[in-house]
Structure formats: structure tokens, C-alpha cells
Amino acid sequence: MDQTQTIRTRKDNWVLRHPLLRKYMPLVHEDLTATYSRDLHKWLIIAPIIGVTTGLAITVIAIIILGKLWPVVLGYYLGHHWAIVPGLVVAFAVTGLIMQYLTPDPDEHSTEEVIRSYHEHQGDINMRPFLPKLLAAITTVGFGGSSALEGPSIYGGAAIGSWLWAKLRWLKLDARDRRIMLICGAAAGMSAVFRAPLTGIVFALEMPYKDDLAHEALVPSLIASVISYITLSSFLGGAPLFDFASATSFTGRDLFWCALLGLIIGLIAMAFVITFRRLRTLCVKSSLPHWVKMSIGGLLTGICGVIFLYFFHGSLVPLGPNYEAVGMILGTHHSTLELVVFGVLKLAATAFTLGVGGVSAMFVPLFLTGGSFGVAFAQAVVHSSSIELYAAVGMASFIAAGYKTPLAAVVFVAEATGGHAFIIPALIGAAVAYAVSGDASASGDQKLHEGVRVQELRHVVVGSVMQQKVVSVQGALTLREFTDLLSPHYHHSTFPVFEEDQLLGIVEVWAIAKVSPQKWDTMRVRELTNRHASRVGSDCDVMEGLRLLMSEHRQHMLLVTSGAGKLEGVVTKTDILQALKTYRDEPTQPSLEAGSKEHSQVE
């Protein structure tokens, strides 16, 4: 028996040492490494965790506000109009007290905090005020503030994603993954609260920018949104949130009117957004205590509701989350004047609610206002019986113009209302409204992600833009020595690493930060060195250099080496952008002088 095993072992070893196998196995390894370079499989674990956790959290919030609190409050307000103003003043004062004394910054919350965290804090959200902010959202929305659940849902999901990053570090997550998990959680929150997974994905990807997408979060957001939707639907059902009958067709004449409606709403949205941002800035700069500002906002919001109910009797009121108002506007006839007044007072109440610091967002208020203006437009201008068509176009147009999320606006109308037949007219209206409203946005932290025309550098080589004075580090240094000697004096994020005179690769500061400080005295820099960092010759095209820097591996530095492997310099994205600026300032110069500055790194 032993002899048979010995023979088999020899045969196995011969197979492993076969020349063809030894020749092609490295190629197979290289292909598989390239195929799975983005490490997408880890998101099959992380994204479902975010989706389930966020779905459960949003389910609890939806049950509290929509199932328990708001129906009771709304019924009491409709039966006792006198209670609206004091009720909102007290609720807003409580919100202000919560935010003033239980959070570090009462003016930082909801979607604004998520966008700011994405751009400025690498996706890190402070979890200490997490529960107080959700409680403040409940007191804002549940007692009649003109806002809805998308604020706490987006914030809650994003905060959960950011928090889970620290808990799942054993999956070898880097700093960039935290931003992805932030957007992933926001998408899951949006998906759950509106029973619209595609809307959650698109809105979260569009949210950080006015004219771009957070592309890197696409796949994780897709997974998390679907899981979050399924989680909430298992408790509350998965039917469209604002279901209404949709027309089966539209005419060319309808498309013309939809474009005109988009134009009108785009102008209205621009005026509203500019006014809201002015009011918000004024309130933030005010020296009044936060709870006092909130009380004033509650007073003005309540007055908007009382004025409307004074002139138009019924159950329609421009207060609270207003999910029920969609069915009222579409299912019951209202005069054009009533619809216009409702839309105007809804915008005013929204400005007073959120402008003073109310904890939520204005996605549904804009959606609902667009719907009321759309129906009014259909009745008074077009004289059409297809009020659902113009309501859908108005909804999409207002969201596209107010939030600078045209794709999410159209997808939301299709998913949340069940009006899939309205996609083409909604696209036209949303596009016109988006263009007419310019860069005016309800979010002051959205950024323009303008692409750089690097084609202008297609004749420039990296040798003319590289940094020649380079700060490097020896691989034999301990992490303690590295942090004591180099890191405090050179605020770079990446350093070339040498083993005596031999170039090993690069080390990134964030990789050292992930190591427990107890190991810093024994672990060497060489153990954290990325030995597969891209190396290029000085004659490499700048376009190719930028492609390598923007590849899936996302390294922050290219090593420029000679034919013998000697380091001649380094190139970062900053160097390429600086070269583009120099080229534009002096377009007649055929070449650029090599940089002589010390190595610097921009994230």
C-alpha cells in the first residue's frame, strides 16, 4: 500500500513539474488576477449585510411614522385646525432641543451630511448622534413637518454602511471602500423607503454630484438596494408606494406640452431652490438658539397648513409626509386654483421646515408639488383628461431640477407610481427642467465633477511632468521608525520603498494605519510594500500614465524607471493636472519642463 502511494506521489509531482504546466500556469494566474482585480466577490458578503441591516432599520422608522404616528396626528389636525400651529411649534422645539444638546452640530444631518462625508471625510460618519438624529427626524416628520422619510432613510442607511466598514475590516477593506459603503447604504435606505430598488441605486449614485455619478459604488449599491427592498417588503409589502392608473399611450402633441411643463417647473424649481438656500444660510448664521429657530419654523409651517385649510376644506393639507396626498390629487377632482395654492404652500412649508434645520429632506415635497402643478397644467392649459401623464411629468421635472438627479427622478416616477408608460414624456420634461434650472440645487454640498480634457496632453511624455525630487523610505525600517522619522515631516500618502539600492515598490500610509500599534516595533515597511506598483519608462505617454493611475487598482503613484530599473522620478494625478494647466497657459510651448518640486500626493 505504501509503495502504491509513493508511485502516485511521484506521478503527481511529475504532473506539477510538467514543462507545459509550468509555462502556462503563470499566464493563467495573470489572467485570473486581471479578471478579479476589482475584488468584487467581497461585495457579495458586505452589500447583503448592509441591505438587511438598513432594510430592518427603515422598516422600524416607516412603521413608527407612517403606521403609528402620522395617521393619528393628521386625523387630529383635520378635526381640530386650531391644534396645528401649537402642535408644530412644540414638535419643532423638541427637535431643536434634541439637535442642540444631543448632537455635535445641529445643522449637520440627513442627505447633506452624507454628501459632505463622501467628499470631505472619506465616508466616515460620526455614529454617536445616530439615534438622536433619527429621533429628531421622527419628531420633524411625524408631527407635521413638510418633509418625508427619505431624509432619515438615506442618512440612516449611509451611517449604517459607514459603521459596518469598521466592523468588517477583516475583509481587508481600504479607505476607498468606506465611501462605497456609504453610498451603498444610502441606496439601500432610499430603495426601502420608496419600495423602489432601481430608484435607490440611481439616486445614491447621482446624489454626490450635479453632473456625474459615483460610479465605483454601482455593483454594491445594486445588491444592497435589492436586499433592502426585499427586507422591508417582507414586513410591509412591495406594492408601488404611489400607485395610480397610467395611460397606455401619448401623442406628439403631449410631448410638446410635457417639454413646456418641464420648462415652467424648471424655472419655478430654480427660484425655490435659490430662495431655500438663502433662507438656510441665514438660519445657520443666526445667533439664536437652535430650538428657538426651530420653533419659529414650526410656527410658519403650521400657518401654511391653517391658511390652506381655511380656504379649501377637506382632507388635503400641505403638511407631514403627505403620501396620502398623491391619491387625493389624482383620484379626486380639485380646482386648478386649489392645486396651485397647494403647491405654493407646500413649497413654503418645506422651506420653513427644512430651512430652519428640520431633520429630513425634500424629495417627496418636490415630487408632490410637481404632481399638483402638473395636474393644474393639464386642466387649465392643455385641457387634457390624461392628468396622470402630466402629474408624472411634473413630478419628475421638479425632482430633476431641485436635486439635480434627472435619471433618479424618471426612474422614481416609473417605480413608485407604477406609471411605466410615462417614461418618455417624463424624460423630456426632466431634461428640460434640469437644463433650465442650471446649477441651482437643494443641496449645497453637491459638486460639479467636470472631466479634464487630458487629450490635450496626448503628445506629452511622463518624463516631462514627473517629480524628480522624491522622498523614499527603506524597507528595513520598522513602522515605528517610519512614523517617527518620515511621516510627521512629509505629509504624503505614498512613498517609494527601497531595499538598499533596489527599488521594491510603494507603501501607502493608510496601510500602516490599519496595523495595530502594538506591532509597529517589530513589523517592517517591506512587509506592507506593494511590489506590483506600476512602473513606466520616462517616454511613456501621459495618457497611458493617467489610465494606469485611474485603473481598478487605484494606486496613487507611478514609478518612472530607467531600463536598468533605477528610479528616475514619480508621477501622480496632481502632476498630470498641473501639466494640463501649464499647457493651457502656454499652449505654444511644445514641451514641459520636468518638475523639480518634492513629492506631494493628492487623494
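How many aromatic pairs does the structure hold? I looked this up and found 19 aromatic pairs.

**Ground rules.** I am working with a predicted model, where local features need pLDDT of at least 70, side-chain atom pairs count only at pLDDT 80 or more, and totals for chains, interfaces and linings use all residues. I number residues from 1 along each chain as its sequence is written, and side-chain values use heavy atoms, without hydrogens and water.

**Pairing.** I describe two aromatic rings by the distance of their centres and the angle of their planes. Rings of Phe, Tyr and Trp (its six-membered ring) pair if their centres lie within 6.5 Å; planes under 30 degrees apart are stacked, over 60 edge-to-face, and the rest tilted.

**Y310 and F311.** I found the ring centres 5.1 Å apart and the planes at 90°, so this pair is edge-to-face. Next I checked burial (buried is under 20% relative accessible area, exposed over 50%, partly exposed in between; 1.4 Å probe, protein chains only). Y310 is exposed at 61%. F311 is exposed at 55%.

**F377 and Y390.** This pair is tilted, with 6.2 Å centre to centre and 50° between the planes. I placed F377 in helix α15 (residues 363–382) and Y390 in helix α16 (residues 387–403), so the pair ties together parts 13 residues apart in sequence. Helices here are DSSP runs (H or I, at least four residues), numbered from the N terminus. F377 is buried at 7%. Y390 is buried at 0%.

**Cluster.** I traced ring pairs that link F194, F203, F363, F367, Y403 and F412 into a cluster.

Methods: Helix = DSSP H or I, 4+ residues; strand = E, 2+ residues; numbered from the N terminus.
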